Amino acid sequence: MPNEPAAHPEQANPADRETDGAASAGSQRASKPKPTIRHRILRTTGLLAIIYVGVCVGLVVMETRLLFPGAYMEKSILMDPNRFEPDRPTPGTVETITYAAVDGSDLEGRLLIRDGAEDVILFLHGNGIHADEMDGWTRRLSDSWNATVLTAEYRGFQSDGFTPTETSTIEDAVSAIDTLSETTNTPISNIMVYGRSLGGGVACGLIAALHERGDSVEALCLDRTFDSAASVGADRFFFLPVRWLMKNQYDSVRALANFDGALLQIHGTPDRIVPRKNGRALYDSLALEHRDWIELPNMFHNDRLPTKTLDVAGQKLKALRDKAFPQAETEASETSPTAE
């Protein structure tokens, strides 16, 4: 019987070809080197670096929302939106006063003209509330310190589509104090400035801005305020380069470098939003002769300031001012602040 010719490779048994292919693939897999520990570390490090950069970018993008949450909250509606008329103020009533910002837009603060007021106060609120939500506080401050009070507002907190910044809030504080001075016929130096939380940072910036143009105030009250917003952020986000990334730093220490008036600071020991150490760092950094510190052991950042503490704070700050500027008391008694 004649020998059959050898099968052509292409005519080989399909099962044999599958077996050969599997063996070849297995051989290739077996020969492929496994990732070394070094490669795994580099791959993981690269992934973490991408995530870290993403978080940093997110922090930069979200800074204004984190720092000015009130600008992104729905504005409250006043039940009695009285409109202040410069020629016809209503003593004892908190009214809306409209004044111009540096860009010509309208700002709407809340003003309480007090009959027989001993002082005039500019109040600068924090970052999570609007001026028209603070009428109760405006009345409390007026009653406690026997003063005419303007609770100022910032652009961006009025549903106007404006994005607030450190610069814009300080500019708005300057506009407010100029308006208050003109409205009450009170020299800027005699207006007491009271800032709470972020509003304290704005108040410090206001002091610096006034100094640049040759003005000053004699009395400053800082309630739950920081040495700098960047310091607070750096402690909270310790794993991020906050001091490099943050645009709105509110450096209160630097802003008060030329302040030589009377200072009173109020802080709560358990405050977690603006820790006590940040408030104390500001206080300890200032070489002021006339200053005082009030610390409340049970007051958290958003707690109501006790009326007794508010009364004592007013008495202490006025006493400090009178010691620092002996002529101020005499001049105040000669001309009490009244509206034009």
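The questions and answers below cover a core, a helix, a pocket and a strand residue in a predicted model.

The model is predicted, so local features need pLDDT of at least 70, side-chain atom pairs count only at pLDDT 80 or more, and totals for chains, interfaces and linings use all residues. Residues are numbered from 1 along each chain as its sequence is written, and side-chain values use heavy atoms, with hydrogens and water left out.

Visitor: How many of the 15 residues of α6 are buried?
Guide: The buried stretch includes L198, G199, G200 and G201. L206, I207 and L210 are also among the buried residues. Helix α6 is largely enclosed by the rest of the structure, because the buried count is 11.

Visitor: What distance separates the end C-alpha atoms of α6?
Guide: The expected span is 1.5 Å times one less than the number of residues. For the 15 residues of α6 that gives 21 Å. The end C-alpha atoms agree with this, at 21 Å.

Visitor: Which element gives the most to the lining of the largest pocket?
Guide: On a 1 Å grid over the protein atoms alone, a pocket is an open set of points where a 1.4 Å probe fits, with protein on both sides within 12 Å along at least five of seven lines; lining residues have an atom within 4 Å of a point. Of its 33 lining residues, N127, S197, L198, I273 and H301 are the closest to its centre. The element that gives the most, with four residues, is α7.

Visitor: What is the relative accessible area of I294?
Guide: I294 sits in strand β8 (residues 291-296). Its contacts (heavy atoms within 4.5 Å), not counting residues up to four places away in sequence, include L264, I266, V312 and A313. I294 is buried, with a relative accessible area of 10%.

How values were computed. Helix = DSSP H or I, 4+ residues; strand = E, 2+ residues; numbered from the N terminus. Buried < 20%, exposed > 50% of the residue type's maximum accessible area, 1.4 Å probe, protein only.
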